[in-house]
Amino acid sequence: MEEVKTALQYAAMDIAEVMRVGDLTEGFGQKKGSKNDSGDHQETVDVIADEAMMKHLGECDEVRGYASEEQEGVYLKKDNEGYLVAYDPLDGSQNIAVNITTGMIFAVFKKGTGLPGSGRDIVAAGYAIFGAATTFVWATEAEGVTLYTLDHKKMEFVKIRSHHKIPTKGKVYACNEGLVQDWTVPRSVKWASSMRGRSVRWMACMASDVHRILFNGGGFLLPSDKKNPNGKLRLVYEAYPMAFVFKLAGGCGTDEMLKGILDYPFPHETKDLHMKVPVFLAGPYEAEVYAKL
């Protein structure tokens, strides 16, 4: 699986370079006038990021196929056993116009010839953050949660933390509390209320918001609401990977009914591949508070 990690890191380097030069890239930050298969408006840079992912995963012999938030269906490049990778190539692309952090999220499913059964078939997951520094987080059962930072001069990722565990209790929480009047599940409303007195942090980029919670402690919540009764985050490309990372870090990942995100069946129908779910990610204390409400 080392080749898969390397391919993902090379893709992250390519995307980081595009984000680093910003408006000097032709069409950077411009909408293409169409929506992707997830229903989001595509920025030109979304397509550039997706092409970088497809290039490096396509060249990796350990990868038999991939599924992108920007594409329809699962692309299988060969029939023999190999890893399947699901990814969001550029998370938070709406932040581009104001030069705020964006990210990339991925999950690697176990070797096989068919589609996964559920999130329990994930063998590695993580994300990259494109901000003041380029960060790459890689999580596996054997290695735990590992943090890398890109050395732009050498163009290589340097390991800076191993076997990370989320703090038992944090001092911040992450949710868009400005929309609380539209939330539909009382537990989520009560939890947000119980967190008041702490600082709230919200960047509208899952990778960035979750990263803060993972390393500083607290809880992340993106619930269902009147406009989005099934939630806003994609199960395969966003919820699965982050739930896996939090599990290995000693935290939890559930929906609003406390069902484990990793227990959701993998959608086998193309029309369901971009399905959305409510997501709650937290450390031990915040998870206990949420479960009791």
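**Strand pairing, cores and side-chain contacts in a predicted model**

In this predicted model, strand β6 (residues 102-112) pairs with strand β7 in the antiparallel sense, over eight bridges. Within this pairing, Phe 106 has Gly 126 of β7 as its bridge partner. On β7 there is a second pairing, with strand β8 (residues 134-140). These two strands also run antiparallel, and seven bridges join them. Three residues lie between β7 and β8, and the two strands form a hairpin. Strand β7 covers residues 122-130, and eight of its nine residues are buried, so the strand is largely enclosed by the rest of the structure.

The nonpolar residues were examined next. The largest nonpolar core has 47 residues. Among the residues with the most contacts inside this core are Tyr 127, Met 206, Phe 220 and Tyr 240. Helix α5 (residues 235-248) supplies the largest share of the core, 11 residues. Another core lies apart from it and has 34 residues, including Ala 12, Ala 52, Tyr 83 and Phe 136. Met 206 illustrates the contacts of a single side chain. Leaving aside residues up to four places away in sequence, Met 206 touches Asp 91, Ile 105, His 211, Phe 220, Leu 233, Glu 238, Met 242, Val 279 and Leu 281.

Charged side chains form 12 salt bridges in the structure. One of them joins Lys 5 to Glu 2, with 3.3 Å between the closest N and O atoms. Both residues lie in helix α1 (residues 2-21). They are three residues apart, about one turn of the helix. Lys 5 is buried, because its relative accessible area is 6% and buried means under 20%. Glu 2 is partly exposed, at 48%.

Arg 120 meets Asp 263, and their closest N and O atoms are 2.9 Å apart. Arg 120 lies in the loop between β6 and β7, and Asp 263 in the loop between β15 (252-254) and β16 (276-277), so the pair ties together parts that are 143 residues apart in sequence. Both count as partly exposed: Arg 120 has a relative accessibility of 47%, and Asp 263 has 38%. A further salt bridge links Asp 272 and Lys 271 at 3.4 Å, N to O. Asp 272 is partly exposed, with a relative accessible area of 28%. Lys 271 counts as exposed, at 68%.

Aromatic rings were searched across the whole structure, and 14 aromatic pairs were found. In one, the ring centres of Trp 191 and Phe 280 are 5.1 Å apart and the planes stand at 80 degrees, so the pair is edge-to-face. Trp 191 belongs to helix α3 (residues 186-195) and Phe 280 to strand β17 (residues 279-282), so the pair ties together parts 89 residues apart in sequence. Trp 191 is buried, with a relative accessible area of 0%. Phe 280 is buried as well, at 1%. Phe 280 also pairs with Tyr 290, and this pair is stacked. The centres are 3.9 Å apart, with 15 degrees between the planes. Tyr 290 lies in helix α6 (residues 284-292), 10 residues from Phe 280. Tyr 290 is buried too.

One aromatic cluster is formed by Phe 106, Phe 136, Trp 138, Tyr 148 and Phe 157. Some rings also have a charged side chain over the face. Arg 187 lies over Tyr 290, at 5.8 Å from the ring centre. Lys 169 lies over the face of Tyr 285, at 4.4 Å from the ring centre.

Note on methods. Residues numbered from 1 in each chain as written. Predicted model: local features only at pLDDT ≥ 70, side-chain atom pairs only at ≥ 80, totals over all residues. Heavy atoms only, no water. Buried < 20%, exposed > 50% of the residue type's maximum accessible area, 1.4 Å probe, protein only. Helix = DSSP H or I, 4+ residues; strand = E, 2+ residues; numbered from the N terminus. Pairing = 2+ DSSP bridges. Core = buried A, V, L, I, M, F, W, Y, C linked by side-chain atoms within 4.5 Å. Contact = heavy atoms within 4.5 Å. Salt bridge = Lys/Arg side-chain N within 4 Å of Asp/Glu carboxyl O. Phe/Tyr/Trp six-rings, centres within 6.5 Å; stacked < 30°, edge-to-face > 60°. Lys NZ or Arg CZ within 6 Å of the ring centre and 35° of its normal.
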